[in-house]
Amino acid sequence: MQRKAKRVPQAVLRLALGVALLGLAGCFPPSALEMDYGNSVRNNIAQQVVNPQAGFNPKPAVGLAPQAGVNVQEKYDKSFKAEEKKQLEYRMQVQ
């Protein structure tokens, strides 16, 4: 009976020691990997921007004439309607 009484305090002592070591593990400084985490993604996003100051430029962007832009947009929109028709026709043939 005395052996069981001694083992209980040793188990509690080991448990307390384990919890203390886990608590101290959180105090370690970050590793090199953790300090560099996410820098590659931020660098790649920054390199995709051609002109970071473009938002501060009050001049409008030079591009297509207004009517040409409207024509291009309409052609773009119609291209999707043609696909919908083809898909609808295909569905009718399959059924």
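How many aromatic pairs does the count come to? Let's get to that by walking through the fold, keeping in mind that this is a predicted model.

Start with the overall layout. The protein has four helices and zero strands, so from the N terminus on you simply read α-α-α-α. Of its 95 residues, 0% count as buried. In total the protein exposes about 9,900 Å², and carbon and sulfur atoms supply 62% of that area.

Now look at helix 1, which covers residues 2-25. L17 lies in this helix, and together with L21 and L24 it forms a nonpolar patch on the surface. The three leucines have about 320 Å² of accessible area together. Is L17 buried, partly exposed or exposed? Its relative accessibility is 52%, and the cut-off for exposed is over 50%, so L17 counts as exposed.

Next, move along to helix 4, residues 66-94. Here sit Y76 and F80, four residues apart, which is about one turn of the helix. Back to the opening question, then: the count comes to one aromatic pair. Its rings belong to Y76 and F80, with centres 5.0 Å apart and planes at 85 degrees. Why is the pair called edge-to-face? Centres within 6.5 Å make a pair, and planes over 60 degrees apart count as edge-to-face; the Y76 and F80 planes are at 85 degrees, so their pair is edge-to-face.

Key:
Residues numbered from 1 in each chain as written. Predicted model: local features only at pLDDT ≥ 70, side-chain atom pairs only at ≥ 80, totals over all residues. Heavy atoms only, no water. Helix = DSSP H or I, 4+ residues; strand = E, 2+ residues; numbered from the N terminus. Buried < 20%, exposed > 50% of the residue type's maximum accessible area, 1.4 Å probe, protein only. Areas by Shrake-Rupley, 256 points an atom, 1.4 Å probe, with all protein chains shown as cover. Patch = residues over 30% accessible without salt bridge, like charges linked within 9 Å, V, L, I, M, F, W, Y side chains within 5 Å. Salt bridge = Lys/Arg side-chain N within 4 Å of Asp/Glu carboxyl O. Phe/Tyr/Trp six-rings, centres within 6.5 Å; stacked < 30°, edge-to-face > 60°.
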